[in-house]
Amino acid sequence: MDHGIKTVAVIGSGQMGGGIAQVAAVSGFDTVVYDLSGDALKRCKGLHDKLLSRAVEKGRMSEDDVTAAQGRLTYADSMSAMDNADIVIEAVVEDLDVKKKIFSGLADKFTGNQILASNTSSISITALATSVGDAADRFIGMHFFNPVPVMKLVEVINGLATSEETTARTIALSDAMGKVAVPANDRAGFVSNRVLMPMINEAFYAWMEGVAEPEHIDEIMKLGMAHPMGPLRLADFIGLDTCVHIMDVLAEGLNNDRYRACPLLKQLVVAGRLGNKTGRGVFDYSK
Ligand code: CAA
Ligand code: NAD
């Protein structure tokens with residue numbers, strides 16, 4: 001199926017939004033990345049430039065291709081820059097109310113055939129789609145993985161009202177972005193975070209209960225299970241705030257206390273130790 005997409009808009013220029021925008025631009029799409037925060041947009045552009053230069057050094061892209069990709073990228077602090085988008089991919093904080101507020105503002109603006117997609121890690125697509133009224137058939141979960149330029153998966157989640165056309169176009173777009181789309185049903189955490197996040201949470205319990213030091217927990221999982229990163233390092237990489245949000249969605253959505261976030265994980269978030277993005281989480285990245 002033809003995805004019919006020329007311009008991709010991404011809301012949120014953090015780790016995920018920035019990665020999605022980079023891959024979209026490299027894949028030939030005109031790309032607008034919008035954020036409330038000017039600093040976040042600046043960091044996003046800086047990271048794009050660095051990663052694209054690295055792609056030239058490594059021989060993965062020519063200088064001309066990088067210049068063309070950079071030319072397709074617009075960094076916007078105003079939503080009006082997204083007016084021509086054929087798809088909007090939202091990648092802001094993992095919070096139902098914040099996301100619904102954003103989408104309710106988009107429903108009036110995008111009344112054609114545009115796809116409204118969320119990169120949510122865990123929140124019900126059907127619940128998010130209630131904020132867009134009649135556009136619920138054009139609403140879908142398009143869940144990328146971190147770091148987006150490296151990870152091949154897009155978990156595709158239909159809401160109750162998502163049309164077959166929207167799903168087919170989203171799969172075709174994922175394909176055009178060099179990703180592999182795999183479907184999952186609309187249950188809290190879908191497949192990926194229903195399986196991953198309890199493992200990460202358990203690693204915090206193991207640390208809290210003194211089963212082993214954090215570096216040893218990670219070493220055991222890396223060397224013993226062939227994971228590329230240990231679960232605590234991975235939690236820092238994802239963002240400890242995001243991990244707590246996902247556990248909250250699992251506990252609420254699956255109505256089971258075994259998904260409650262570990263108190264030690266929550267304490268680090270309260271202390272502002274969110275992982276790589278703040279320079280310190282379980283581990284210290286300031287040096
Ligand atoms: N952005 C873009 N590229 C990146 C990157 C980033 N943030 N981090 C690393 N890379 C690239 C590097 O440039 C490097 O490529 P080149 O050498 O060709 O330039 C390549 O990845 C390998 O990087 P490194 O050699 O520095 O390090 P590594 O071999 O340890 O790999 C890793 C880094 C790819 C991140 C690897 O450790 C890994 O796969 N970790 C697990 C990641 C994972 O599980 N992600 C899923 C998180 S869960 C999620 O996303 C869903 C959710 O909802 C929470
Ligand atoms: P992040 O904290 O790195 O970035 C979020 C960005 O959104 C920030 O730049 C912030 O300024 C911006 N923002 C917040 N409110 C906004 C608004 N109202 N309008 C515009 N911009 C706004 O977060 P992230 O790690 O990129 O996660 C974003 C989303 O992606 C979350 O839903 C998360 O669950 C999901 N996700 C995260 C990962 C991961 O590994 N971190 C993986 C897959 C999916």
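Buried area is the accessible area (1.4 Å probe) that two parts lose on being put together, summed over both. The size of an interface is often given in this way, as the accessible area lost when the parts come together.

This is a predicted model, in which local features need pLDDT of at least 70, side-chain atom pairs count only at pLDDT 80 or more, and totals for chains, interfaces and linings use all residues. Residues are numbered from 1 along each chain as its sequence is written, chains are lettered from A and ligands numbered from 1 in the order in which they are written, and side-chain values use heavy atoms, with hydrogens and water left out.

Start with the domains. The protein is divided into domain 1 (7-185) and domain 2 (193-276); these bounds come from an automatic or database domain assignment. Taken over C-alpha atoms, the centres of domain 1 and domain 2 are 26 Å apart. Domain 1 gives 9 residues to the contact and domain 2 gives 7 residues, where contact means heavy atoms within 4.5 Å. About 710 Å² is buried between domain 1 and domain 2, and carbon and sulfur atoms give 57% of it. On the domain 1 side, E94, S121 and S122 supply 50% of the area buried against domain 2, more than any other three residues.

Now turn to ligand 1. There are 18 residues around ligand 1, and R60, S121, H143, N146 and N193 come nearest. A residue counts as near if one of its heavy atoms lies within 4 Å of the molecule or strand in question. Both domains take part: domain 1 (7-185) and domain 2 (193-276) each give at least three residues to the shell around ligand 1. Three helices, α2 (38-57), α7 (192-208) and α9 (231-238), each supply at least two residues of that shell. Helices (H or I, at least four residues) and strands (E, at least two) are DSSP runs, numbered from the N terminus. By type, the shell around ligand 1 holds 11 nonpolar, 4 polar and 3 charged residues. Here Ala, Val, Leu, Ile, Met, Phe, Trp, Tyr, Cys and Pro count as nonpolar, Asp, Glu, Lys and Arg as charged, and the others, Gly among them, as polar.

Next come the polar contacts. Such a contact is a pair of N or O atoms within 3.5 Å; within protein, one must be able to donate a hydrogen and the other to accept it, and residues adjacent in sequence count only if both atoms are side-chain atoms. An N or O atom in the R60 side chain lies 2.4 Å from an oxygen atom of ligand 1. A nitrogen atom of ligand 1 is 2.7 Å from a polar backbone atom of N146. For the N193 side chain, an N or O atom is 2.8 Å from an oxygen atom of ligand 1. Taken alone, ligand 1 exposes 1000 Å², and the protein buries 66% of that.

Ligand 2 has 23 residues around it, with D35, E94, K99, S121 and I238 nearest. Its shell divides into 10 nonpolar, 9 polar and 4 charged residues. An oxygen atom of ligand 2 is 2.9 Å from a polar backbone atom of M16. Another line of contact runs to side chains: an oxygen atom of ligand 2 is 3.0 Å from an N or O atom of N119, and an oxygen atom of ligand 2 is 3.1 Å from an N or O atom of N146. The protein covers 85% of the 840 Å² of accessible area (Shrake-Rupley method) that ligand 2 has on its own. The peptide bond from N146 to P147 is cis.

Notes:
Areas by Shrake-Rupley, 256 points an atom, 1.4 Å probe, with all protein chains shown as cover.
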